[in-house]
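Q: Hey, I'm new to this one. Can you walk me through it?

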Amino acid sequence: LAVIIDPGHGGEDEGCAKEGVREKDVNLAIAKLVRDKLNGMGYQGIMTREEDAYIAKEERVENANASNADIYVSIHQNTFEDGAVVGIETWYDGSDSVRDSKRLAQLIHQETINTTGAVQRQIRDDAQLHVTGKTVMPACLIETGFLSNPRERALLSTTEYQEKIAQGICNGIDLYFNPGTMYLTFDDGPSAECTDKVLDVLEEKDVKATFFLIGEYVEKYPEVARRIVEEGHTIGIHCYRHDYGVLYASKESFLEDFQKAYDVIYQVTGVEA
């Protein structure tokens, strides 16, 4: 998997600058750390610039598109006339529904906040930027801090903080390619109306779930219970009757209720829950 790492600005284009700290230098330092970390994780990190050189944004995008890379991440610093403003912003092109740029931006933003403890500013979907709008792969641009804020500028100038930013960006990229697993469960069904609506959405999205069923409702809506099985979902036992006074009266009453639910589910669906 190839990742374009774009250190914003460079050469005669220094970006924003404050008290001798230049955006182009911070961008490049963070980008090199990201590249090295990604390479160590088994990815191929491709830099749009390796040194303090000016490369037009059009050329960066053209080279990136020709590389057949999988994603594009541009690294920048921010500035504002109010020196009190701090935090991380991440931008992507929300007008494009084909590329998966939103998820990329969300994960990089989330993970960089986690590693740095920085103030969480906006994830912006209105980026009218060449590097986010003209790339053929999912793309985002992260503004990792404000050089106009004295404290954040001091942090951004240190290798230690740059390492935290780079690690966050890499964590977000890794999550993008290797998403976590979510287990989706539904209790207290089946019902005549709600369960069918849930199943319709799951079918549309090609998602499987587990349904913990109530035995007396399975008897009442057997066709819905059978639909759960037919569409590839898992069935678990909730209880036979949702009467806590009876259900939890004793260990024996609980086991009796459970067995009754088990038998009903098996008879209706053929599933040994």
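Q: What do the buried residues of α9 pack against?
A: They pack against α7 (194-205), β10, α8 (215-220), β11 and α11, where contact means heavy atoms within 4.5 Å. Helices (H or I, at least four residues) and strands (E, at least two) are DSSP runs, numbered from the N terminus.

Q: Which residues of α9 are buried?
A: In α9, residues 222-230, they are Pro222, Val224, Ala225, Arg227 and Ile228. Buried means under 20% relative accessible area, exposed over 50%, and partly exposed in between (1.4 Å probe, protein chains only).

Q: And what follows α9?
A: Gly232 does, and its phi is positive, near 90 degrees.

Q: Before we go on, what kind of model is this?
A: It's a predicted model: local features need pLDDT of at least 70, side-chain atom pairs count only at pLDDT 80 or more, and totals for chains, interfaces and linings use all residues. Residues are numbered from 1 along each chain as its sequence is written, and side-chain values use heavy atoms, with hydrogens and water left out.

Q: Ok, back to β10 and β11. What order do the strands take in their sheet?
A: The order is β9-β10-β11, an open sheet of 3 strands with parallel pairing. β9 (185-189) and β11 (234-239) are the edge strands, each pairing on one side only. Two strands pair if DSSP finds at least two bridges between them.

Q: How many bridges join β9 to β10?
A: There are 4, with β10 covering residues 210-214.

Q: Where does α11 lie?
A: Helix α11 (residues 251-269) lies across β10 and β11, and runs at about 145 degrees to β11. Axes here are lines fitted to C-alpha atoms, for helices over the stretch in contact, and angles run from 0 to 180 degrees between N-to-C directions.

Q: Which residues form the nonpolar patch on the surface?
A: Tyr244, Tyr248, Phe254, Leu255 and Phe258, with about 530 Å² of accessible area together. That area comes from the Shrake-Rupley method with a 1.4 Å probe; for residues, only the protein chains shown count as cover. Patches are made of residues with over 30% relative accessible area and no salt bridge: like charges are joined within 9 Å, nonpolar side chains (Val, Leu, Ile, Met, Phe, Trp, Tyr) within 5 Å. The largest share, 3 residues, comes from α11.

Q: Is Tyr248 buried or exposed?
A: Tyr248 is exposed, at 53% relative accessible area. You'll find Tyr248 in the loop between α10 (244-247) and α11.

Q: New topic: how many salt bridges are in the whole structure?
A: A search finds 19, counting a side-chain nitrogen of Lys or Arg within 4 Å of a carboxyl oxygen of Asp or Glu.

Q: What does Glu216 form a salt bridge with?
A: Arg241, with the closest N and O atoms 3.4 Å apart. Glu216 is in helix α8 and Arg241 in the loop between β11 and α10, so the pair ties together parts that are 25 residues apart in sequence. Glu216 is partly exposed at 23% relative accessibility, and Arg241 is partly exposed at 39%.
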